[in-house]
Amino acid sequence: MQVAIKVENVSHKFGDRVALDNITLQVMTGEMYGLLGPNGGGKTTLFRMLCTMLPPTQGTIHLLGKSTSTSAVRAHIGVVFQHPSLDARLTVSENLRHQGHLYGMKGRLLSQRIEEVLNMMSLTDRAKDRVEVLSGGLQRRVELCKSLLHHPEILVFDEPCTGLDPGARRRFWDDLDTLRQTYGTTLVLTTHFIEEAERCDRIGILDRGQLIAEGTPEALKRTVGCEVITLETRDSKSLQLQIEKILDRDVQILDGQVRIVCDDGQRLLAKLYPLLREEVQAMTLSVPTLEDVFVQRTGHGFKVEDQ
Amino acid sequence: MRMAFWLPVVSLWRRELVRFARDRNRLFGAIGQPLVFWLLLGAGFEKSFAPLGITSGYLEYIYPGILLLIVLFTAIFSTISVIEDRREGFMQSVLVAPVSRIGLVLGKVLGGGTLAFLESLIFLVFLVFLDIPISIASLGLTLIFLAVLGITLTALGFAIAWQASSTAGFHAVMTLLLFPMWALSGAFFPAEGASRWLAYLMAINPLTYGMDGLRQSLYLTTSGANTHLWFCGIISVAFAVLTLSAAVWQVCRKRK
């Protein structure tokens with residue numbers, strides 16, 4: 001497998017604030033790579049660099065062997081922004097035609113491509129509708145059509161599912177599967193949704209500008225432990241102290257719940273239940289999530305940063 | 001290569017026109033307000049203005065000024081969208097496409113300039129109510145000045161809007177820079193009757209020469225061409241090149 005994206009020692013500062021701190025990562029051809037992190041983690045900065053909109057203060061980014069500082073690389077990437085980039089006053093097909101012109105396509109080739117992408121996203125019957133009358137989910141699909149017109153080798157998404165209802169989200173992920181099968185496109189997406197990151201082949205977790213973990217979701221979760229016990233209580237602080245005393249180890253509080261990562265959850269539950277029956281409202285045993293990976297590596301919760 | 005340059009330019013230009021055609025409010029906004037302005041000021045100052053040596057009456061004096069105001073308003077309306085478009089809208093996808101930055105500016109500015117030109121054409125109809133003798137030469141030269149001014153003011157609006165962080169900021173620049181530039185171009189009152197410091201400001205305002213050129217073109221039949229008209233033309237074209245370069249420079253600037 002070839003390297004599609006190579007990010008080497010990339011740092012970026014906005015004034016005195018470090019947005020990215022010495023990031024190095026690689027994405028292979030055909031891979032779906034997720035940049036997971038809370039808001040302010042640095043993923044949007046990296047996204048803007050990947051789509052050539054922002055030059056890094058330090059380091060280099062190469063897409064298909066071409067530096068992002070050269071404009072030649074733009075012909076090979078497709079970009080789907082978090083905020084709509086469609087002209088709401090134009091129709092779906094007018095938007096696509098304009099996009100085609102930006103990439104030097106015209107005439108029969110452009111008409112064929114427009115038909116092809118509309119067909120793939122099941123939007124053929126909406127071609128003549130103005131974008132302003134479409135639902136958020138449909139607009140997102142038109143955005144996807146727009147980014148696919150020139151058959152890019154790499155597609156970059158910024159928070160692709162923000163603002164979409166659950167149905168539209170499911171549909172969006174199905175669409176991604178379709179286009180991966182059809183074109184074998186390399187996909188990079190930023191997200192702060194754990195469930196979305198779980199669907200990627202590999203993910204990089206960004207926090208405060210640093211890449212704190214990288215790997216397949218399964219491998220990352222395995223590094224945490226086998227199981228997680230979550231305890232709901234009114235006074236999490238006192239329960240935390242109590243458990244730490246019983247187990248003689250540190251446990252964490254996350255979103256007002258006490259979490260214990262362990263290898264033998266059932267045995268531990270059986271041990272804790274008689275001792276904490278009075279204080280605890282609910283006990284749950286589950287497998288670790290990427291959020292647990294984040295908490296373990298950073299020492300703080302995922303959602304705290306999200307405020 | 002040449003094709004690859006012009007295709008996006010034409011596409012961006014056409015988009016401006018299509019958007020405009022689908023938004024009736026903009027047509028009214030850019031024509032209606034100057035029209036009201038013209039009638040109120042023209043009728044209001046009609047007699048009071050005579051002592052300054054203007055024999056035509058104020059309604060006629062301010063007519064070319066209102067033409068320029070229409071060009072200015074249309075330019076502002078068509079570039080104000082750039083502010084949001086760039087960060088969270090349509091312009092994002094243009095910026096990541098393999099389109100030259102000069103092409104981007106040209107498409108947008110030619111689009112806005114065309115609209116400004118067309119709107120001022122509509123206002124030219126009111127010439128029939130004024131006592132200005134028009135010939136093909138005077139009309140032709142007037143149109144040339146209107147086209148150059150349309151491109152100049154759209155490029156200026158674009159350069160300001162590109163680096164404005166909010167529409168509120170753009171309004172501030174409009175009130176403090178663009179509107180005074182218009183008022184101090186001779187559109188509103190002649191430099192001869194103004195205070196010396198104001199007359200000085202008017203002399204260094206590049207728009208003064210566009211305004212003067214426009215006025216002289218309209219009266220070409222009676223006053224004839226002279227070296228001052230040429231001078232106005234040269235300054236106006238130079239100012240157009242300058243504002244276009246400023247717009248291209250803004251777009252090419254690397255942002256931190």
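This is a predicted model: local features need pLDDT of at least 70, side-chain atom pairs count only at pLDDT 80 or more; totals for chains, interfaces and linings use all residues.

Colleague: How many helices and strands does chain A have?

Modeller: Chain A contains 10 helices and 14 strands. Its C-alpha atoms occupy a box of roughly 75 × 45 × 35 Å along the principal axes. Of its 307 residues, 40% count as buried.

Colleague: Into which domains is chain A divided?

Modeller: The assignment gives domain 1 (3–220) and domain 2 (226–287). The centres of these two domains of chain A, taken over C-alpha atoms, are separated by 40 Å.

Colleague: Turning to the interface, how many residues of chain A are in contact with chain B?

Modeller: On chain A there are 24 such residues, in contact with 21 residues of chain B. Helix α2 (residues 92–102) of chain A supplies the largest share of the chain A side, 4 residues. By type, that side of chain A divides into 11 nonpolar, 8 polar and 5 charged residues.

Colleague: And the largest nonpolar core: which residues touch the most other members?

Modeller: They are Cys145(A), Val156(A), Leu68(B), Val71(B) and Leu72(B), in a core of 135 residues. Leaving aside residues up to four places away in sequence, Leu72(B) touches Leu153(B), Leu178(B) and Trp182(B). Another core, of 7 residues, lies apart from the largest one and includes Val228(A), Leu231(A), Ile243(A) and Val258(A).

Colleague: Now helix α12 of chain B. What does it reach from its first C-alpha to its last?

Modeller: Helix α12 (residues 227–252) of chain B has 26 residues and reaches 37 Å, close to the 38 Å expected at 1.5 Å a residue.

Colleague: Which of the residues of α12(B) are buried?

Modeller: Among them are Leu229(B), Cys232(B), Gly233(B), Ser236(B), Phe239(B), Ala240(B), Thr243(B) and Leu244(B). The buried set also includes Ala247(B), Val248(B) and Val251(B).

Colleague: Why would residues three or four places apart point the same way?

Modeller: An α-helix has 3.6 residues a turn, so residues at that spacing point the same way.

Colleague: What covers the buried residues of α12(B)?

Modeller: The cover includes α6 (101–124), α7 (136–163) and α10 (206–218) of chain B.

Colleague: One last topic, back in chain A: how many bridges join strands β9 and β10?

Modeller: There are 5 bridges between β9 (residues 202–207) and β10 (residues 210–215) of chain A, and the two strands run antiparallel. Asp207(A) stands opposite Gln210(A) in β10(A). The strands β9(A) and β10(A) form a hairpin with 2 residues between them, and Arg208(A) in the turn has a positive phi of about 50 degrees.

Terms used:
Residues are numbered from 1 along each chain as its sequence is written. Chains are lettered from A and ligands numbered from 1 in the order in which they are written. Two residues are in contact if their C-beta atoms, placed from the backbone, lie within 7 Å. Ala, Val, Leu, Ile, Met, Phe, Trp, Tyr, Cys and Pro count as nonpolar, Asp, Glu, Lys and Arg as charged, and the others, Gly among them, as polar. Domain bounds come from an automatic or database domain assignment. A nonpolar core is a set of buried Ala, Val, Leu, Ile, Met, Phe, Trp, Tyr and Cys residues joined through C-beta atoms within 7 Å. A residue is buried if 20 or more other C-beta atoms lie within 10 Å of its own, exposed if 12 or fewer, and partly exposed in between; C-beta atoms are placed from the backbone. The expected span of a helix is 1.5 Å times one less than its number of residues. Two strands pair if DSSP finds at least two bridges between them.
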